[in-house]
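Student: I am new to this structure. Could we go through it by question and answer?

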There are 2 protein chains.
Amino acid sequence: MLLPRPHSLTPLDGTFLLGPDTVLSAGPGTVDTAEWLRSVLRPSTGLPLPPRAPAGDEPAITLALDPALAAEAYRLDVRTEGVTLVGGAASGVFYACQALLQLLPPAVHRRARVDAVTSLPVPAVSVRDAPRFGWRGLMLDVARHFMPKHDLLRLVDLLALHRLNTLHLHLTDDQGWRLEIRRHPRLTEVGAWRAESQRGAAVDAPGDGRPHGGFYTQDDIREIVAYAAERHITVVPEIDVPGHSQAAIAAYPELGVTGAPTATSTRWGVNPRVLNTEDSTVAFYRDVLDEVMELFPGPYIGLGGDECPTTQWREDPRTQELMRQRGLADETALRTWFTGRLAAHVTGAGRRVFGWDEILEGPVPEGTVVASWRGLTGARTAARRGLDVVSCPDDQVYLDYRQSEHPDEPIPFAVPLTLADTYRFDPVPDGLTPVEAARVLGGQANVWTEHMDSPRTVDYYVFPRLCAIAEALWSGAERDFADFRRRLAEHLPRLDALGVEYRRDTGPLPWQTRPGIAGRPADRQEWAALIDSLVAPIRD
Amino acid sequence: MLLPRPHSLTPLDGTFLLGPDTVLSAGPGTVDTAEWLRSVLRPSTGLPLPPRAPAGDEPAITLALDPALAAEAYRLDVRTEGVTLVGGAASGVFYACQALLQLLPPAVHRRARVDAVTSLPVPAVSVRDAPRFGWRGLMLDVARHFMPKHDLLRLVDLLALHRLNTLHLHLTDDQGWRLEIRRHPRLTEVGAWRAESQRGAAVDAPGDGRPHGGFYTQDDIREIVAYAAERHITVVPEIDVPGHSQAAIAAYPELGVTGAPTATSTRWGVNPRVLNTEDSTVAFYRDVLDEVMELFPGPYIGLGGDECPTTQWREDPRTQELMRQRGLADETALRTWFTGRLAAHVTGAGRRVFGWDEILEGPVPEGTVVASWRGLTGARTAARRGLDVVSCPDDQVYLDYRQSEHPDEPIPFAVPLTLADTYRFDPVPDGLTPVEAARVLGGQANVWTEHMDSPRTVDYYVFPRLCAIAEALWSGAERDFADFRRRLAEHLPRLDALGVEYRRDTGPLPWQTRPGIAGRPADRQEWAALIDSLVAPIRD
């Protein structure tokens with residue numbers, strides 16, 4: 001009945017009646033979690049759930065910490081007399097609460113009462129649980145399509161429901177800059193919108209003629225970060241450099257190689273335009289990172305580093321001159337130099353660099369976390385070099401990839417990545433020693449939004465595949481897809497209650513299709529060969 | 001500082017410090033309101049705000065009822081020692097809470113803390129307030145474009161913020177049927193989506209090739225209704241008959257005049273296709289209304305009745321035969337007969353019929369409420385006939401009308417309806433006796449969504465014009481636009497905190513434009529003449 005599957009669940013005799021007399025009793029360190037539980041249960045059940053110590057033998061839901069447990073581990077015990085939720089830290093208690101909610105009807109996930117029930121039976125049960133990995137994440141690309149703040153808060157709740165603890169925000173790209181930077185306001189004045197968007201994935205796809213834009217104010221970010229923190233989710237910001245930067249160059253042409261005016265990109269795909277590597281550009285991005293680090297208190301600061309073409313640098317005399325001055329042998333060394341300067345700024349501020357696996361082509365500062373996206377080659381290489389790893393192999397967790405071979409799959413892109421495929425996800429590559437394997441912090445689903453132009457579309461691509469990935473990250477390495485599907489069948493009504501427009505097992509609903517919009521489907525073998533060729537430089 | 005403008009506001013000396021010691025004390029009948037206030041303030045301030053009677057001289061926010069006040073009237077008294085919020089009923093206390101929130105920084109409207117402030121000063125003040133009208137509403141057309149449930153709940157919160165108390169949902173139309181009906185499942189299986197949508201307002205506008213759809217399950221509706229009720233908002237459902245019914249006919253061709261298969265409409269504008277008037281069709285809609293009345297407990301059930309062309313009936317021998325059998329002189333009489341049968345079903349169930357002003361062309365049951373949309377002619381006629389009236393004159397409160405003469409206004413439709421225009425809205429037509437004028441229950445903004453294909457776009461069209469309409473409905477008949485604008489300038493940061501993408505005073509943001517999409521702007525005089533000609537049959 002629980003999803004993700006817990007370490008152990010023992011059904012017991014009896015039932016606890018969650019009713020008008022039930023008291024919510026929060027031990028030291030669990031008051032905020034109790035308030036959160038109350039904020040979910042009170043509107044949906046109408047029960048008062050007073051937050052106080054029980055008087056005598058009042059039925060109670062009791063929250064407590066047990067320092068003997070790992071922080072995110074929990075025990076959930078439902079007995080006829082009461083419910084106890086114990087975690088190693090507040091996060092563990094929070095996950096115990098999420099488990100408790102899954103013992104209740106799906107309607108508890110609604111925001112008001114849909115029936116007149118006055119008490120809810122909770123089956124007696126004993127759950128012992130702890131996550132397999134400490135990094136259980138989702139990356140959302142808000143650059144290709146902006147997601148309004150309130151929709152993003154909703155997504156945070158959906159991550160928490162699946163006991164994910166990391167939200168990586170891809171805040172900047174060629175097609176949009178989504179974060180207010182006080183010192184450089186044109187980044188959003190100019191870079192937060194584009195004139196239109198490419199429709200579909202074909203190379204010759206037409207534009208849709210419709211402007212798209214939006215950005216988060218600094219207060220919006222503070223709210224998102226704090227809201228996520230209350231749900232034990234760390235937000236990891238990413239400012240992608242030195243490629244994927246056309247929106248910034250549109251705002252400040254002096255950041256580009258040619259200095260020529262340009263516009264925020266309206267086309268998908270890897271873009272030849274890159275940042276120049278002048279000291280002034282490094283200084284500009286240090287300003288940006290200072291504001292980023294002020295807004296995002298978490299340990300990790302993403303610098304991107306992926307997909308940086310070198311043609312512009314190679315053809316630019318000034319860049320070649322800079323390379324000579326700096327004693328750099330080639331453009332790869334220049335890219336490493338540039339990200340290295342910013343990485344030093346991040347580490348100098350006591351934070352850790354988070355970057356795509358391309359950064360393995362050069363030296364990286366100690367403490368860097370490598371996001372292995374082109375399969376698990378980067379994970380293997382990084383782990384062997386003693387770097388921490390987050391696995392997000394494209395062919396296992398890229399949720400923009402088509403969900404099936406179904407002919408109605410909207411804008412079919414890349415290789416099929418079915419629910420069963422995502423369920424098989426294992427972040428740990430083969431062939432590592434135990435010490436190396438311990439470098440794998442976990443994994444995350446990546447949601448690139450070129451073809452997701454609304455939160456409704458994001459729902460379609462993300463669910464239920466994220467449920468499978470969440471289980472792959474939380475539960476043990478063994479897999480039982482039939483069992484997962486049984487529990488998913490009980491889980492989908494929760495998503496229904498939350499209004500999540502997930503993909504049906506039978507394919508897209510009629511209004512989830514995109515007839516006539518060309519995708520770019522790929523064959524598995526060809527795709528694997530392509531990825532294989534790309535990672536040659538980082539294969540140890 | 002308050003918006004809508006209160007009846008009286010007297011600034012006093014001193015300040016109440018809302019801080020960690022503040023207690024929330026709820027008198028009889030105000031517990032749920034206190035919990036709602038706490039659910040807003042606790043996440044945004046981090047203050048514990050324990051809900052309990054103050055011990056001794058603890059600083060408290062005290063909520064209470066005073067039966068001497070009208071239900072929605074309230075007193076808000078902020079003193080150094082404490083805050084008291086008194087209402088005639090829970091709704092009045094709720095509006096006092098909304099007023100109190102407007103004395104606090106805009107950040108209290110966020111869902112998590114954005115600063116580390118530990119106490120908030122509230123200026124001492126004495127407010128006496130009551131609404132001018134009892135029907136302060138917004139109609140949302142969820143048929144032309146579906147609004148997902150969570151977005152609709154957000155809109156409910158935005159209505160409550162403006163002390164509106166009625167949400168009229170236009171649930172069915174040619175382009176979509178949005179409500180699950182258990183007895184007739186094809187209404188949503190077939191009628192809840194269309195193959196594409198007309199892009200823009202021109203008669204020859206192209207289709208966009210993109211399917212659109214969605215519907216509310218019955219539990220979704222229960223949730224929406226209950227959520228709204230907790231915010232003192234009544235949801236008025238509308239099932240539009242006998243015109244605007246192509247989605248239903250697509251689902252069940254036997255409801256149509258020709259019986260020919262058709263599809264949910266992909267074009268805007270008045271549609272020649274109407275329901276037939278067979279007894280079986282009446283019975284079908286009685287089934288529908290039975291489920292509607294089960295889901296919507298409010299007093300009003302909308303039957304539409306607008307824009308019903310008669311060509312199909314006139315050309316159909318079977319319909320002509322039915323007219324003869326029923327002794328009906330013409331197609332107008334047939335329409336009245338049909339809506340009359342359903343109206344009798346509604347009144348027989350103890351509810352009141354709510355219909356567009358076209359229903360004045362025939363007899364209507366006692367208790368009917370007339371929505372006067374083609375100017376105020378329907379309001380005048382209905383009031384004189386002793387019927388209750390809700391005023392929603394198109395040229396004052398139709399929020400799909402263009403907001404200015406600005407060349408970048410997206411898909412410019414009909415006549416300009418600026419913020420100043422909406423602020424002048426008065427629901428009471430000239431020339432009524434006081435008894436007749438008392439028939440005007442109030443008014444509502446109407447949001448037709450042909451050109452609003454996402455909640456973001458709805459934000460743009462609705463705000464800040466709805467702020468002006470809310471004041472026109474709440475505050476006294478006198479108007480002071482300069483004063484309103486001053487208070488609006490303090491109000492917009494609240495909308496910013498809530499992530500509302502309102503129209504800027506200077507025009508649309510670049511990404512709020514729709515370049516190249518033709519609208520159908522009209523000239524004021526021609527428009528007035530058109531409306532004038534349409535209402536000839538209901539002018540007494």
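Tutor: One term comes first: a residue is called buried when its relative accessible area is under 20%, and exposed when that area is over 50%. The model is predicted.

Student: Is Thr457(B) buried or exposed?

Tutor: Thr457(B) sits in helix H15 of chain B, which covers residues 455-462. Its relative accessible area is 16%. The cut-off for burial is under 20%, so Thr457(B) counts as buried.

Student: Which side chain makes a polar contact of 2.9 Å with that of Thr457(B)?

Tutor: Beyond four places in sequence, Thr457(B) is in contact with Arg210(A), His451(B) and Met452(B). The 2.9 Å polar contact between side chains joins Thr457(B) to Ser454(B).

Student: How many residues of helix H16 of chain B are buried?

Tutor: H16 of chain B runs over residues 465-474 and is mostly covered. Its buried residues include Arg465(B), Glu471(B) and Trp474(B).

Student: What is the radius of gyration of chain A?

Tutor: Chain A has 18 helices and 20 strands. For its 540 residues the globule rule gives 24 Å, and the chain's own value is close to that, so chain A is as compact as a globular protein of that length. The radius of gyration is 24 Å.

Student: How far apart do the centres of the positive and negative side chains of chain A lie?

Tutor: Chain A carries 56 positive and 72 negative side chains. The centres of these two sets are separated by 1 Å.

Conventions
Residues numbered from 1 in each chain as written. Chains lettered and ligands numbered in written order. Predicted model: local features only at pLDDT ≥ 70, side-chain atom pairs only at ≥ 80, totals over all residues. Heavy atoms only, no water. Helix = DSSP H or I, 4+ residues; strand = E, 2+ residues; numbered from the N terminus. Rg over C-alpha atoms; globule rule 2.2 N^0.38 Å. Lys, Arg positive; Asp, Glu negative; His and termini not counted. Charge placed at Lys NZ, Arg CZ, Asp CG, Glu CD. Buried < 20%, exposed > 50% of the residue type's maximum accessible area, 1.4 Å probe, protein only. Polar contact = N/O pair within 3.5 Å; in protein donor to acceptor, adjacent residues only side chain to side chain. Contact = heavy atoms within 4.5 Å.
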